[in-house]
Amino acid sequence: MKITLIVLGVIFCLLLLLLFLPLTVDINYENEFVLKIKYSGITFFDSEKRVNLKKSKKKKRQSKEYTEGTEESAPQKENFFKKTYKQKGLLGTVRYFSEILILLLKKIWWVIKRFKFRKFRLNLSVATYDAANTAINYGKICSAVYPVISFLETNADFKAKEININADFDKTDSRFQISTLVTTRVFFWLVAAIAALFEFLKLQRKESEKYERK
């Protein structure tokens, strides 16, 4: 009995130690989304390598299908982000997620203050087919994005390297780039993830109820 309690105690202490080790999420978006996760300084997930591996496997499969004379391929399911991007476009997607993010952050501010944001870069060039439309969209983007940045500066350990949002009246295509390193202990990541998911589901339910009334 005593040995069992000692073993359980050791396991509990080990799990507790693992929960309080730092976990860093490296986010980068420019044309495509790249995510890297480091646990206690060791990289154990890299979406870029995973995508390259998938591309390599896809090429081999396509090559095999071609030699066998079949060109049919299974349709790929689109994730939530891609669907939103197709529906709303780049500027609409940035506004949509910024508005959701500020609502979620305000609900879980008590855990966000435990997070460290480093090397934050944001470059957003607003451009459309019409100068007046560009100016309107620029105003909407600023009113959606800057509250998120202001909230993080006030409630988290936030250090920005570059923040640049501008209206480009000479071009017709908008450009968006964002990157940051977010670090906190695993325990706080879990708490934030559960709380954010709970709040997000509540928002989704309210949205669906609003559309049902219409």
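**View 1. Glu162 is partly exposed, with a relative accessibility of 30%.** Here, partly exposed falls between buried, under 20% relative accessible area, and exposed, over 50% (1.4 Å probe, protein chains only). This is a predicted model, in which local features need pLDDT of at least 70 and side-chain atom pairs count only at pLDDT 80 or more, while totals for chains, interfaces and linings use all residues. Residues are numbered from 1 along each chain as its sequence is written, and side-chain values use heavy atoms, with hydrogens and water left out. Arg121 is also partly exposed, at 30% relative accessibility. The side chains of Arg121 and Glu162 join in a salt bridge, 3.0 Å from N to O; the term stands for a side-chain nitrogen of Lys or Arg within 4 Å of a carboxyl oxygen of Asp or Glu. Arg121 sits in strand E4 and Glu162 in strand E5, so this pair ties together parts 41 residues apart in sequence. Strands (E, at least two residues) and helices (H or I, at least four) are DSSP runs, numbered from the N terminus.

**View 2. Arg118 and Asp157 form a salt bridge, with their closest N and O atoms 2.9 Å apart.** Arg118 belongs to strand E4 (residues 116-126) and Asp157 to strand E5 (residues 157-167), so the pair links parts that are 39 residues apart in sequence. Arg118 is partly exposed, at 26% relative accessible area, and Asp157 is partly exposed too, at 29% relative accessibility.

**View 3. In helix H6 (residues 186-213), Lys202 and Glu199 are three residues apart and so separated by about one helical turn.** These two form a salt bridge, their closest N and O atoms lying 3.7 Å apart. How exposed or buried is Glu199? Glu199 is buried, with a relative accessible area of 13%, whereas Lys202 is partly exposed at 26% relative accessibility. The structure holds three salt bridges.

**View 4. Helix H3 (residues 80-107) packs with helix H5 (residues 131-155) at an angle of about 30°, their axes 9 Å apart.** The axes are lines fitted to C-alpha atoms, for helices over the stretch in contact, with angles running from 0 to 180 degrees between N-to-C directions.
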